[in-house]
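Let's work through a few exercises together. Keep the picture in view and try each task before you read its solution.

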2 protein chains.
Amino acid sequence: MDIKAYLKEKKALIDAFLESYFLSPLIPRTLRDSMVYSLSAGGKRIRPVLCLASYEACGGKAEDIISYASALEFIHTYSLIHDDLPAMDNDDLRRGKPTNHKVFGEGMAILAGDGLLTEAFYMLANNRQSASIQPAAILKVIREIAIASGIHGMVGGQAQDLLSEDEEPDEETLAFIHRHKTAALITASVRSGGLLAGCSDEQLFRLTGYGENIGLAFQVIDDILDVEGETEVLGKPKGSDEKKKKMTYPKLYGIERSREKAKELINGAIEALGVFDEKAEPLRAIARYLLERKS
Amino acid sequence: MDIKAYLKEKKALIDAFLESYFLSPLIPRTLRDSMVYSLSAGGKRIRPVLCLASYEACGGKAEDIISYASALEFIHTYSLIHDDLPAMDNDDLRRGKPTNHKVFGEGMAILAGDGLLTEAFYMLANNRQSASIQPAAILKVIREIAIASGIHGMVGGQAQDLLSEDEEPDEETLAFIHRHKTAALITASVRSGGLLAGCSDEQLFRLTGYGENIGLAFQVIDDILDVEGETEVLGKPKGSDEKKKKMTYPKLYGIERSREKAKELINGAIEALGVFDEKAEPLRAIARYLLERKS
């Protein structure tokens, strides 16, 4: 299959939804501008696309869950805004553009993140697209996403990351940070697609294996790119993790072993999908694509 | 009725729930300490108590919705932590204790707020207490609370507040800020109790009127106390709003007119409850109590 065409098509669905979302004149203008700035900063929409692809793998039609998938991008975007703050990673650039607080100030950046996170839960609780999705399934998805993005997931991982700066990398801590900070929400994105489609327990188990593998692979590849990539492709200065003494896979295992690790994880993800038919081809292709990405 | 005994009893229910909540050893220790620090900083639990009282007014038993009511305190606490940050109101004291970022640092304070907000939605989506509450009603409550605390509510109000610092107070802007920053979540707390109890449209309409009136009164009284109160009772330096050139009711109308305004609002709240029987007595007593509070 043509994975690039698939990704482009699905990204367009998400982008169209995101662009039309903040039309209300009742939100303070600068707050809206600040949220829109980061939402439209050229993200790959990988979490929403995974949710859509997983929904399709279980027999659903992507168009029915665009608002649920987009909520994942709201949460991802909020986490980037807060992570970039001076009190956290203190980054000036994100995807080649000044970070949110550099443009709108720290206070507004904090509020933009808070607003996106809260709105994501509104979107999840507001099913207007498909009557076939049951309220109980939606509550399950909300719990899933709240766990993955909160203290037992992303927020917990970022807290541990903050606490571990300036320390020597240690394997257990590194795994904890990445599993929580990145892999948890990616896994939840994949699982949510399955849950919304009313998948079987066996399918959910397989999707979970797929999600956990690509979630971890995603971070390993990110770390490798930070060492090897170029600033203009990455949109942030190369070696910025090293500068901040962050724990990374290349630092712990070296580049070669990290590359092997990424490959193993991607293969594991594809194997986990064994029981699915050709409707899961996009999920398989996304896994292979991740391994080849340059930014 | 003995409103002080009622408030004490209900506060104890909420406090017991909050205290036992963060027992998981899987959360980074400092993150947990930071959340617990602000949750247990002596709040009056007014939002959860209003939710419980409203649920009771519609015939429910408070014990059945403690986790929903507590989620409101999580959201309120997160908003205080973020509002106190240097990039926002830059407050060093809150309820007589150093603010969260003063103790745990700005990065951890931001994460503690993010964690509390996210966990609140987990709690709302996780109905383990009462089988009589339907998933569709819970989704309605989640939407209600997300709207009241997000860009169309609290976050929007705080953004406008931030944008209006160092400006002359203007009546429309002041009303916008208070309606969004304070009244919205208070109204949502009252309405959520009704929605969870499956109240009638007429009852919900009345509860909304009650909530909007006490929500606005709450802020007017806060502003008056900031001018008149003593630091040791308030837990923050008296006149701190004036110092920051914040818009307040006393600044706009003077103290006397502000006091009248608060009284009118409280009377309006009690009148709105006309259709309710004696089960709404706590709601009426809370309204009267708010007018007499000193901190």
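A crossing is left-handed if the near helix is turned anticlockwise from the far one by less than a right angle, and right-handed if clockwise. Helices (H or I, at least four residues) and strands (E, at least two) are DSSP runs, numbered from the N terminus. This is a predicted model, where local features need pLDDT of at least 70, side-chain atom pairs count only at pLDDT 80 or more, and totals for chains, interfaces and linings use all residues. Residues are numbered from 1 along each chain as its sequence is written, while chains are lettered from A and ligands numbered from 1 in the order in which they are written.

**Exercise 1.** Find how helix 3 and helix 4 of chain B pass each other.

Step 1: locate helix 3 at residues 46-57 and helix 4 at residues 66-84 of chain B.
Step 2: check the handedness, and you will find a right-handed crossing.
Step 3: list the residues in contact (C-beta atoms, placed from the backbone, within 7 Å). Helix 3 of chain B brings residues including Cys51(B) and Leu52(B), and helix 4 of chain B brings residues including Leu72(B) and His76(B).

**Exercise 2.** Describe the side of chain B that touches chain A.

Step 1: count the residues; the contact takes 42 from chain B and 42 from chain A.
Step 2: name the helices of chain B that each supply at least two residues: helix 2 (29-39), helix 6 (106-125), helix 7 (135-149) and helix 8 (154-164).
Step 3: pick out the largest share, which is the 13 residues from helix 6 of chain B.

**Exercise 3.** Work out how chain B is superposed on chain A.

Step 1: superpose the copies by least squares on the C-alpha atoms of residues with pLDDT of at least 70 in both.
Step 2: read off a rotation of 180 degrees with 0.0 Å of shift along its axis (RMSD 0.0 Å).
Step 3: conclude that the two copies are therefore related as by a two-fold rotation axis.

Terms used: Axes are lines fitted to C-alpha atoms, for helices over the stretch in contact, and angles run from 0 to 180 degrees between N-to-C directions. Two residues are in contact if their C-beta atoms, placed from the backbone, lie within 7 Å.
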